[in-house]
Amino acid sequence: MGIGNENLNLILELKSRRLFENYESVLDFGDQSYFNSTNVLKKFINKYKINLSEKDRETIESLEAKTDNKNILSSSSFLWSVLLSLKKFARLDMHFSPRLNEDHLSVEKIIHDLNNDFEKITSNKFDIVTDFGNNEHVFNVDKTFKAMHFFCKKNGLIWIQQNIYKTNGFYNLTEDFFENLAAYNNYEIIFSSLVFHFIDGKYISTDVNMDLINKINFNLIRDIEIIYIFKKTNDDDFKIPYQKINLEKQTPVFSTNLLKKDYPFERHYVLQNFDVLKTSFLLKEIFK
């Protein structure tokens, strides 16, 4: 589990679009890390003209001064502090490893097995809740996404990034899973993307178009990731998605359309199967 350089590009691109304004807290599912050299991190800092706190600057400079400065294993909390100037940090996992660069930060380390109920493990709610390759490793995977929903504040962000090719978890979750997760819980999809990592170290990001997978040369591919960033629009309880309509419950079925073709990629939902839905339900949707 960890945050790579493509994540830094995306975080800073979305920051430039003011996505994270007025946010101050983050909860990472998994004891996440950023694994790279201080030189790489400094290039991103200089490229996007990031103003560092005095302590963050001292920490980076002290690491850079080391003669064996190659790769460093930084905590995700340190990265959120540097890139987004967040103030409150938490990570949730069954156990934690030592992480560099976070001694000056107040990090809440929540020891919890996500296979179990989660409501009473902390009273805090967070502006950003992330899953960078954690949730597919939990057998009771439904509890992980319910927990993300529970711990995210209204108007906060739920950020999910998982491998869909060459994954090493229990589950290989599909586009359909994430699209229905958003539709049934009224999440706005702020960003969605496929990331193709090549064996030469390069990568490209595309819209979530699964037909692209049929057109690639897998001999050149290291892995493929899927990314969704949701905005939680209300404080309603988590709703379980359905793939097909249930006539007794009048469960709505949605399809997706792109809002625009350019980066970052956004989507919205179009209600389908109008003929089997009650008029009262359709009127409510129209007024929304």
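Biologist: Two strands pair if DSSP finds at least two bridges between them. With that in hand, how do β1 and β4 pair?
Modeller: In the parallel sense. This is a predicted model, and in it strand β1, residues 25-29, joins β4 over 5 bridges. Phenylalanine 29 has leucine 92 in β4 as its bridge partner.

Biologist: And how many bridges between β4 and β5?
Modeller: There are 5, and that pairing is parallel. Phenylalanine 89 stands opposite valine 107 in β5.

Biologist: Is β4 mostly covered or mostly open?
Modeller: Mostly covered. Of the 6 residues in β4, 5 are buried.

Biologist: Where is phenylalanine 96?
Modeller: Look in the loop between β4 (88-93) and β5 (107-111).

Biologist: Why does phenylalanine 96 count as partly exposed?
Modeller: Its relative accessibility is 22%. Buried means under 20% and exposed means over 50%, so a value in between is partly exposed.

Biologist: What does phenylalanine 96 touch?
Modeller: Leaving out residues up to four places away in sequence, phenylalanine 96 touches Asp31, Arg91, Lys109, Ile110 and Ile111.

Biologist: How far apart are phenylalanine 96 and aspartate 31?
Modeller: In sequence, 65 residues. In space, 6.1 Å from C-alpha to C-alpha.

Biologist: Which way do β6 and β7 run, parallel or antiparallel?
Modeller: Parallel. Strand β6, residues 126-132, is joined to β7 by 6 bridges. Threonine 130 faces tryptophan 159 of β7 there. Between the two strands, the chain passes through helix α5, residues 141-151, and this β-α-β crossover is right-handed.

Biologist: How do β7 and β10 pair?
Modeller: In the antiparallel sense, over 8 bridges. Strand β10 is residues 221-231. Glutamine 162 has isoleucine 226 in β10 as its bridge partner.

Biologist: Now the surface. Which residues make the nonpolar patch?
Modeller: Leu283, Ile286 and Phe287 make it, with an area of about 400 Å².

Biologist: Where does phenylalanine 287 sit?
Modeller: In helix α7, which is residues 279-287.

Biologist: Is phenylalanine 287 buried or exposed?
Modeller: Exposed. Its relative accessible area is 75%, and exposed means over 50%.

Conventions:
Residues are numbered from 1 along each chain as its sequence is written. This is a predicted model: local features need pLDDT of at least 70, side-chain atom pairs count only at pLDDT 80 or more; totals for chains, interfaces and linings use all residues. Side-chain values use heavy atoms; hydrogens and water are left out. Patches are made of residues with over 30% relative accessible area and no salt bridge: like charges are joined within 9 Å, nonpolar side chains (Val, Leu, Ile, Met, Phe, Trp, Tyr) within 5 Å. Accessible areas come from the Shrake-Rupley method with a 1.4 Å probe; for residues, only the protein chains shown count as cover. A salt bridge is a side-chain nitrogen of Lys or Arg within 4 Å of a carboxyl oxygen of Asp or Glu. Helices (H or I, at least four residues) and strands (E, at least two) are DSSP runs, numbered from the N terminus. Buried means under 20% relative accessible area, exposed over 50%, partly exposed in between (1.4 Å probe, protein chains only). Contact means heavy atoms within 4.5 Å. A crossover is right-handed if, with the strands pointing away from the viewer, the path from the first strand over the helix to the second runs clockwise.
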